[in-house]
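Me: Please take a close look at how the two protein chains meet. Then follow the packing inside one of them, with cut-offs.

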Number of protein chains: 2
Amino acid sequence: MSVQERKQRERAERERLIVATARELAEQQGWDAVTTRRLAERIEYSQPVLYSHFRGKREIIGAVALEGAAEMAVALRAATSAADGPRGRVTALAHTYLDFAARNPAVYDALFRLDGGLAFADEDTPEPLKDAFAALLESLAEVAGDGVHPGLFTEVFWAALHGLATLTRERRLPPEETGRRVELLVDRLAVL
Amino acid sequence: MSVQERKQRERAERERLIVATARELAEQQGWDAVTTRRLAERIEYSQPVLYSHFRGKREIIGAVALEGAAEMAVALRAATSAADGPRGRVTALAHTYLDFAARNPAVYDALFRLDGGLAFADEDTPEPLKDAFAALLESLAEVAGDGVHPGLFTEVFWAALHGLATLTRERRLPPEETGRRVELLVDRLAVL
DNA sequence: TCGATTGTCTAGCGGTGCTAGGATCGGGTC
DNA sequence: GACCCGATCCTAGCACCGCTAGACAATCGA
């Protein structure tokens with residue numbers, strides 16, 4: 001049994017290596033540079049090894065996305081729990097979200113822009129994704145306003161943040177005014 | 001001279017054919033299916049002909065984007081001029097925007113999701129893009145609220161619409177509640 | 001020690017965007 | 001009308017992509 005266990009451990013370790021390497025490469029040079037050949041070379045195995053862990057490139061993106069979702073949830077909760085008052089929490093939430101997107105563009109892409117084969121807003125949505133949404137909802141529910149469904153409010157707020165994050169990063173919005181945009185968004189959307 | 005003019009005409013005509021065919025193919029089967037080989041085959045020329053009109057695939061996407069921007073501006077202005085009152089205009093604007101994105105996913109992608117090599121929010125931004133933003137601004141300026149820069153307000157509103165459009169289409173938001181999300185967005189963001 | 005299983009690699013398939021270089025066609029000139 | 005020359009277009013091919021079949025080697029159980 002011990003031998004099998006060791007092999008399983010090593011296999012799991014290699015899988016982590018693949019995901020970490022893919023993420024690293026994507027952050028360094030963008031997802032276009034994450035080819036199966038380059039990835040295989042970096043982990044010092046041949047291409048087919050990747051396919052013994054994942055169905056294909058899409059699943060590797062999905063794995064990076066799940067990792068990112070967990071980290072984002074942690075970051076959001078840390079920021080909101082350190083802030084004071086409803087307004088402070090929502091502002092911190094917004095800034096943390098945008099900051100995460102800006103600092104981890106490849107992870108953000110894996111999560112919300114690329115196809116990682118993950119189900120969203122569904123019963124079989126992976127737990128980390130549900131939890132990241134829950135982290136948003138926890139802080140936003142208190143400012144949704146009377147008679148407004150917290151989930152719906154969270155969706156709208158999230159969509160606005162997502163729009164700002166993506167348009168800013170693609171230089172479709174000038175990045176200088178991000179602070180004022182967040183201020184406006186929070187002032188208007190949140191019922192304080 | 002007449003011969004040269006005829007050749008120029010034919011050349012311009014072929015360029016239109018390329019853009020129209022690329023757009024059609026993208027709407028039918030997605031941008032991934034728009035390969036230079038398939039596109040060349042559809043226009044009944046060889047691949048290199050494409051490169052005598054455009055620097056590469058990216059520029060073809062850009063051309064489709066410009067076409068789409070002009071159409072979107074027309075659609076937005078038509079919808080808002082037919083609506084009554086500030087609230088009616090903003091609501092119509094939002095629905096028209098999301099409707100355009102849903103009905104022309106490939107064009108929307110070319111405009112706001114893919115890299116068409118176009119400059120945004122810059123002095124050398126192509127005129128159709130500036131004009132589409134202007135169409136948004138025209139209706140949104142009247143509900144920006146006192147002391148809020150109309151341009152900044154438009155950017156935030158646009159980002160929110162963009163987030164809703166993209167997340168809904170990628171099934172990251174359930175599509176059923178779009179109406180209620182727009183209602184909430186307009187109610188909160190616009191000063192009526 | 002031997003066979004079977006597991007793991008990994010080499011090699012290759014059909015596709016991609018893009019381009020070099022040769023063929024062909026048509027207009028302008030004698 | 002014959003010729004030249006430049007513009008125009010195509011064939012063929014480059015290096016790369018995601019992915020996989022099949023050969024090979026290492027390891028396990030009997």
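Reply: **The A–B contact**

The contact takes 25 residues from chain A and 25 residues from chain B. Contact here means C-beta atoms, placed from the backbone, within 7 Å. This is a predicted model: local features need pLDDT of at least 70, side-chain atom pairs count only at pLDDT 80 or more, and totals for chains, interfaces and linings use all residues. Residues are numbered from 1 along each chain as written, while chains are lettered from A and ligands numbered from 1 in written order.

Take the chain A side. Helix H8 (150-169) and helix H9 (178-189) of chain A each supply at least two residues. Helices are DSSP runs (H or I, at least four residues), numbered from the N terminus. H8(A) gives the largest share, 10 residues. By class, this side has 16 nonpolar, 2 polar and 7 charged residues. Nonpolar means Ala, Val, Leu, Ile, Met, Phe, Trp, Tyr, Cys and Pro; charged means Asp, Glu, Lys and Arg; the others, Gly among them, are polar.

Now to packing within chain B. The axes of H4(B) (57-81) and H5(B) (85-103) come within 8 Å and cross at roughly 150°. Axes are lines fitted to C-alpha atoms over the stretch in contact, with angles from 0 to 180 degrees between N-to-C directions. The pair is therefore roughly antiparallel (over 145 degrees). The crossing is right-handed: the near helix is turned clockwise from the far one by less than a right angle. H4(B) contributes residues including B:Met72, B:Leu76 and B:Thr80. H5(B) brings B:Arg89, B:Leu93 and B:Phe100, among others. This helix contact has 8 nonpolar, 2 polar and 1 charged residues.

How values were computed: Angles under 35 degrees count as roughly parallel, over 145 as roughly antiparallel, 65 to 115 as roughly perpendicular and the rest as oblique. Two residues are in contact if their C-beta atoms, placed from the backbone, lie within 7 Å.
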